[in-house]
Amino acid sequence: MPLTGQDFDRIIDLKSDNAYSGYFDNAKKNRIIAEATNKAIDLKIATNDRIQTESDLFGIYKSNIIYTPITNTISLILGGAGIADYFRMMNLKAQFIVPLTGNYISEALNSTPIRITLNKKSNLRSKENVIVSGVTVNTNANGTRYVKMVNPSKYSLYSDVNLLNPIASNGLYTGTVGTISRVVYNSAKDMHSNRKFSKLNEPTVHNPKFEIANGLVKVYPLTWVCSEVTVDYISTPTYVDVDEGTIDLLQTYSSRFIYFLADEVVKLFGEQSRDDGEIINANMEISQP
Amino acid sequence: MTLPELRERVSSAPTGGYITSDSRMDAGYIDNLIHSARAFIACERWKQYGQVPPAYYQKFEPDFSKLAQEAGSCFTVFYDIPQIIALDGRASGIGFIGNLNGIACQIREVSSLGEFASFQTDRIMKSGRKAYLINGQGEFTVWFKDKIKSFQMEIIAADPTLLPLYNVDYDDYPMDISDIPKMETYMLQGSFGLIYKTPIDRINDSRDVTVPPQVNP
């Protein structure tokens, strides 16, 4: 059964005991509901160690959304070019392409899978994601590949991380122009201004960090180009309109959250009308598990 | 167990969860503690048993640069050498050094130019050994009758992640797995300044059961 803004209005009227409490018109109600919605979401995020949080906010909780940063930054402006519906950051993974400096592909065999030889040993390991480029003749070697280590300077190329789909060759390459880069993709921790002096905790491609400032999210280290990020975030909430009678709120929030939100609204009603009894009752409801 | 796994394990122990805003739980700080604790445990092993398990050693091949050599010198210098731990006042964390230019041969490590000079004047030592290596200040100086362009070695590096062939995300951290509980103890009590979490006493019997477990460091 759907639950609309008008239904929500009836819930808060019932909870706030409308006949005996201070009167609010619908416009003021909507303003208070918007404030209560932000507070309720922040309260839920604060207890994000439980799946219940994601379950309550299932319609606005976004996970594994991929963005391409511009100079290591993504816009957070509402309706902007980056995360257009951003509300709160939850987690961010950052991808960096790190070339194997001083190393090049000296041979790519005409075999399936293609076996490449590097001019010196590397620390690439089986199942690592790499980007091969510049290989001539055996051009099938080029692209985003997964390697299977034969020895520290010889690797077979696959198209999937489980190494089930080998890359077929289309010629024999020998030369010095083929390059190989490692794809490093790790979760970033949040960075604060008061930690920027730390030498031990400086961000690296293996331990990246992110900062939210200037309407942007900045991905560190800035000395490496971040080519992609995967973000979990809370998108702009759906604010309840008590005049609205068609949009089903249960498509966005769980009924548990809607009743939790109603208690937050009633608490704010009590604060606005200086009704201590109402605040106490609302607090008791909110503290219920 | 890789370094990121080890980091998560030791930092989860005091926090009960890895995600924390405490700067002591940041990766750089924890890694630094892990490297130090590993070096300390290796030294303990050496002092106690006279040897360090093979898991602590990593292979390393210094890069030769012709341009970096002094003209007309009778020795070869290798630069950008990662710091190697000292096991005690005499022994360093260098295991095997050898394989000169593809020929199986062992190089002897000497601690200083003075020691090397005394070997050169000693009748037996002079004839018994052919190549000597002095380690210090991020450089290896190899004394040999011919120029040496490559050699292999096994070392206990102070920071294992600096070795070019070590892969942080995929390779096992170079220490014996049986020493990891000892590492946790050192880090929890020594560096994090945290004691073990005590259990909640739920039994109303006037008896305190919340005494922390006794740990033998």
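A hairpin of six residues links strand E4 to strand E5 in chain A, and it makes a friendly place to start. Strands here are DSSP runs of E with at least two residues, helices are runs of H or I with at least four, and both are numbered from the N terminus. The model is predicted, so local features need pLDDT of at least 70 and side-chain atom pairs count only at pLDDT 80 or more, while totals for chains, interfaces and linings use all residues. Residues are numbered from 1 along each chain as its sequence is written, and chains are lettered from A and ligands numbered from 1 in the order in which they are written.

**Strands around the hairpin in chain A**

- E4(A), residues 105-108, pairs with E5(A), residues 115-118, in the antiparallel sense over three bridges; two strands count as paired if DSSP finds at least two bridges between them.
- Within this pair, Ile105(A) has Leu118(A) of E5(A) as its bridge partner.
- E4(A) also pairs with strand E9 (residues 173-190) of chain A, again antiparallel and over three bridges.
- There, Glu107(A) stands opposite Thr174(A) of E9(A).

**Helices in chain A**

- Helix H1 (residues 5-15) and helix H4 (residues 255-272) of chain A have axes that come within 9 Å and cross at roughly 50°; axes are lines fitted to C-alpha atoms, for helices over the stretch in contact, and angles run from 0 to 180 degrees between N-to-C directions.
- That angle makes H1(A) oblique to H4(A), because angles under 35 degrees count as roughly parallel, over 145 as roughly antiparallel, 65 to 115 as roughly perpendicular and the rest as oblique.
- H1(A) brings Phe8(A), Ile11(A), Ile12(A) and Lys15(A) to this contact, and among the residues from H4(A) are Ile258(A) and Ala262(A); contact means that C-beta atoms, placed from the backbone, lie within 7 Å.
- By class, the contact of H1(A) with H4(A) has seven nonpolar, no polar and two charged residues; Ala, Val, Leu, Ile, Met, Phe, Trp, Tyr, Cys and Pro count as nonpolar, Asp, Glu, Lys and Arg as charged, and the others, Gly among them, as polar.
- H4(A) also packs with helix H5 (residues 276-286) of chain A, at about 160° and with the axes 8 Å apart, which makes H4(A) roughly antiparallel to H5(A).
- The contact of H4(A) with H5(A) divides into six nonpolar, two polar and six charged residues.

**The sheet in chain B**

- Four strands of chain B make an open sheet with mixed pairing, in the order E2-E7-E6-E5.
- Strands E2 (75-78) and E5 (108-110) of chain B are at the edges with a single partner strand each, so one side of each has no neighbour in the sheet.
- From one strand to the next, the twist averages 25°.

**Domains and chains**

- Chain A has domain 1 (5-57 + 246-286) and domain 2 (65-236), with bounds that come from an automatic or database domain assignment.
- Chain B is divided into domain 1 (3-54 + 161-191) and domain 2 (59-155), and their contact takes nine residues from domain 1 of chain B and eight from domain 2 of chain B.
- Between the chains, 13 residues of chain B are in contact with 14 residues of chain A.
- The chain B side of that contact has seven nonpolar, five polar and one charged residues.

Methods: Two residues are in contact if their C-beta atoms, placed from the backbone, lie within 7 Å.
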